[in-house]
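User: I would like to go through this structure and ask what stands behind each label.

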Amino acid sequence: MSALLARPGAVEGTGPDAGVASHYGGPHREQVLLEQGLAVVDLSHRGVVTVSGADRLTWLHSLTSQQLADLAPRTSAETLVLSPKGHVEHALHVVDDGQTTWLTTEPGAAPALVAWLDSMRFMLRVEVTDVSDRYAVLGEPIRRESAPGEPVAWVDPWPGPVGDTFAYGPPSEEHPGRDRAWRELVVPVEDLEAAVGDRPLAGTWASEALRVAAWRPRAGVDTDHRTIPHELDWLRTAVHLHKGCYRGQETIARVKNLGRPPRRLVFLHLDGSGHVEPGPGTELVPVEGGRSVGHLTSVARHHEEGPIALAVVKRSTDPAAVLLADTTSAAQTVVVAP
């Protein structure tokens with residue numbers, strides 16, 4: 001549990017964001033401060049893994065979806081660990097400081113990631129360590145790589161595109177995530193308070209609302225055991241299409257060549273007139289009736305747009321259809337083109 005939960009007004013999050021503050025008493029005000037570049041978010045529940053050794057980058061390159069072999073120091077990248085069938089298992093935020101590769105993962109994912117990486121080491125010169133108990137992560141509305149002498153920071157490349165890839169959604173200049181600056185600063189746990197300094201704190205309620213508004217997918221939240229990157233428009237920042245063989249590559253290539261994935265991400269504006277909002281996992285059905293076409297994955301309340309959500313629906317779902325999540329109506333905006 002984060003030491004920053006002792007701050008006045010802190011209310012602990014639930015689900016994947018338990019252990020850090022959901023808000024500090026003013027979630028809408030906190031969103032505004034984040035958008036203005038003034039606040040910082042406690043993400044110390046995220047996992048932190050280090051990979052050291054001379055073969056670290058070429059090894060990670062061979063195992064995951066992004067071009068990492070020639071990653072320059074203090075240059076951020078995003079990569080995915082896929083199953084043999086191409087399903088998303090881990091999303092890795094990657095930055096190398098010239099001696100060590102730093103990975104941050106979703107809360108609770110580090111032990112499984114380390115176990116899998118250790119099983120793939122063979123005779124290579126690499127060492128994998130879970131340092132989640134020694135390092136904390138802070139989310140900052142900053143789009144700047146860290147400089148030598150500073151703590152390492154991972155800068156979110158969303159919405160890209162990054163490298164030799166493909167986008168199923170709009171070009172970056174038309175994408176709602178184009179103005180969202182975001183990075184993760186990795187600091188020793190004992191330096192967490194000093195790294196925050198006199199900046200106001202915002203909770204995950206605020207950061208998640210801005211993530212959802214930017215159509216930014218999150219592993220373990222917008223994914224399930226069947227998710228392939230194409231469905232979430234995740235190729236645009238996390239997948240290099242001509243980097244050579246890695247686990248799950250055949251699915252990446254086959255679906256890309258076929259043209260469209262079986263499911264697709266949509267952005268939803270939810271009717272905010274009710275007292276209770278539907279939660280993640282709620283099934284979606286057309287308002288005129290019929291079978292479920294998908295389910296909510298992320299639900300947030302934006303300070304300007306009101307209740308918003310991301311959802312995964314069948315590719316055949318009519319983009320113009322109004323959907324129902326329980327009794328709440330939801331108007332669609334296409335993210336991944338049908």
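**Labels and cut-offs**

Analyst: The protein has seven helices and 18 strands, where helices (H or I, at least four residues) and strands (E, at least two) are DSSP runs, numbered from the N terminus. This is a predicted model, in which local features need pLDDT of at least 70 and side-chain atom pairs count only at pLDDT 80 or more, while totals for chains, interfaces and linings use all residues. Residues are numbered from 1 along each chain as its sequence is written, and side-chain values use heavy atoms, with hydrogens and water left out.

User: What share of contacts in the protein joins residues at least 24 apart?

Analyst: A contact means heavy atoms within 4.5 Å. Among contacts between residues at least 6 apart in sequence, 70% join residues at least 24 apart.

User: What makes Arg-46 and Glu-184 a salt bridge?

Analyst: The term requires a side-chain nitrogen of Lys or Arg within 4 Å of a carboxyl oxygen of Asp or Glu. The N to O distance between the side chains of Arg-46 and Glu-184 is 3.2 Å, and they meet in a salt bridge. The structure holds 23 salt bridges.

User: Why are Glu-106 and Arg-218 called buried?

Analyst: Buried means under 20% relative accessible area, exposed over 50%, and partly exposed in between (1.4 Å probe, protein chains only). Glu-106 has a relative accessible area of 14%, so Glu-106 is buried. Arg-218 has 9%, so Arg-218 is buried. The side chains of Glu-106 and Arg-218 meet in a salt bridge at 2.8 Å, N to O. Glu-106 lies in the loop between strand S7 (100–105) and helix H3 (110–119), and Arg-218 in the loop between helix H5 (204–213) and helix H6 (235–238), so the pair ties together parts 112 residues apart in sequence.

User: Is Glu-140 buried or exposed, and what does Arg-199 count as?

Analyst: Glu-140 is buried, because its relative accessible area is 2%. Arg-199 is at 22% relative accessibility, so Arg-199 counts as partly exposed. Their side chains meet in a salt bridge at 2.9 Å, N to O. Glu-140 lies in strand S9 (residues 135–140) and Arg-199 in the loop between helix H4 (192–196) and strand S12 (201–202), so the pair ties together parts 59 residues apart in sequence.

User: Where does Asp-233 lie, and is it buried or exposed?

Analyst: Asp-233 lies in the loop between H5 and H6. Its relative accessible area is 0%, so Asp-233 is buried. Asp-233 has a positive phi of about 60 degrees although it is not a glycine.

User: What does Asp-326 count as?

Analyst: At 59% relative accessibility, Asp-326 counts as exposed. Asp-326 lies in the loop between strand S17 (323–325) and strand S18 (328–334), and has a positive phi of about 60 degrees although it is not a glycine.
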